[in-house]
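Here is a guided walk through one structure. Keep the model in view as you read.

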Amino acid sequence: MTNKIKIHLADDHQVLIDGLTNLLQTVSNFEVVGNSLNGTTIYDDVLQNNADILVLDISMPEKDGIKVLQEFYSNNSSCKVIILSSYDELKIIKEVMKLNAKGYLTKKCAGEHIIQAINNVYQGQEYFSDAVREKIFHVFTHDNSKLNKDIYIENPILTPREIEIVALISLEYSGKEISEQLFISTNTVETHRKNIMRKLQTKNTIGLVKYALKNNLINP
């Protein structure tokens, strides 16, 4: 029998908790083991129910989500945190990622992305909703004249994230720069690089640059 992924939900609106609970209960290997309506008890609640994943709202009463995240970070908690927020400001995203949050979703797209986010984060990956990911990418690259700004045309081989990575590699950004600016780990960048090279059947960066030019990801 497959072990269930134990999930704790923290939001100040019971209706949102109920809606997410109903959605997550449709996934056979998910188990919602608890919920919190204010920030003061979240750490102790998760410590008690041993949740694998915490879905956390930034705007919690009594103790906000940033302070809760700091508590998990300072105690080196093994519970992985996905931020669920009404806000998509880069300052907030950067702050929570520095505190080891593993994902960031806006509430308006939670129903569409939350299941995939939980699965990805549980497996050790970071996860951003499409709108948040694209915003991060475009702020990072806004002044680079060599980047084709319309790179998100459907690609039969690469995922949207892989398209971003191959474009950045082709523009000579280092793995460290990509990691820092996209708020993903260096290991994730390297995993993307390997997957891209495997899919494109190329052995070096020159092959990635040729692909980027041929597919109008970057300008000559």
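**Helices, sheet and pockets**

The axes of α9 and helix α10 (residues 205–214) come within 11 Å of each other and cross at roughly 70°. Axes here are lines fitted to C-alpha atoms, for helices over the stretch in contact, and angles run from 0 to 180 degrees between N-to-C directions. Helices (H or I, at least four residues) and strands (E, at least two) are DSSP runs, numbered from the N terminus. α9 and α10 are therefore roughly perpendicular to each other. Angles of 65 to 115 degrees count as roughly perpendicular, under 35 as roughly parallel, over 145 as roughly antiparallel, and the rest as oblique.

This is a predicted model: local features need pLDDT of at least 70, side-chain atom pairs count only at pLDDT 80 or more, and totals for chains, interfaces and linings use all residues. Residues are numbered from 1 along each chain as its sequence is written, and side-chain values use heavy atoms, with hydrogens and water left out.

Which residues of α9 and α10 meet? Arg193, Ile196, Met197 and Leu200 in α9 meet Thr205, Leu208 and Tyr211 in α10. Contact means heavy atoms within 4.5 Å. By class, this contact of α9 with α10 has five nonpolar, one polar and one charged residues. Ala, Val, Leu, Ile, Met, Phe, Trp, Tyr, Cys and Pro count as nonpolar, Asp, Glu, Lys and Arg as charged, and the others, Gly among them, as polar.

Another helix pair is α2 (residues 42–49) and α3 (residues 65–74). Their axes come within 10 Å and cross at roughly 45°. α2 and α3 are therefore oblique to each other. Ile42, Tyr43 and Val46 of α2 make the contact with Val68, Glu71 and Phe72 of α3. Five of these residues are nonpolar, none is polar and one is charged.

Now turn to the sheet. Six strands form an open sheet in the order β2-β1-β3-β4-β5-β6, with parallel pairing. Two strands pair if DSSP finds at least two bridges between them. β2 (30–36) and β6 are the edge strands, and each pairs on one side only. β6 pairs with β5 (residues 103–106) in the parallel sense, over two bridges. Tyr104 stands opposite Phe128 in β6. α5 packs on the sheet and touches β1 (5–10), β2, β3 (53–57), β4 (80–85), β5 and β6. The direction of α5 makes about 165° with that of β4.

The largest pocket has a volume of about 580 Å³. A pocket is an open set of points on a 1 Å grid over the protein atoms alone, where a 1.4 Å probe fits, with protein on both sides within 12 Å along at least five of seven lines; lining residues have an atom within 4 Å of a point. Its volume is the space filled by probe spheres set on the points, which are joined across faces, edges and corners.

α9 returns here: α9 supplies five residues, the largest share of the lining of the largest pocket. That lining has four nonpolar, eleven polar and six charged residues.

The second largest pocket has a volume of about 360 Å³. Of its 16 lining residues, the closest to the centre are Lys94, Ser179, Glu180, Gln181 and Phe183. α4 gives the most to this lining, with four residues.
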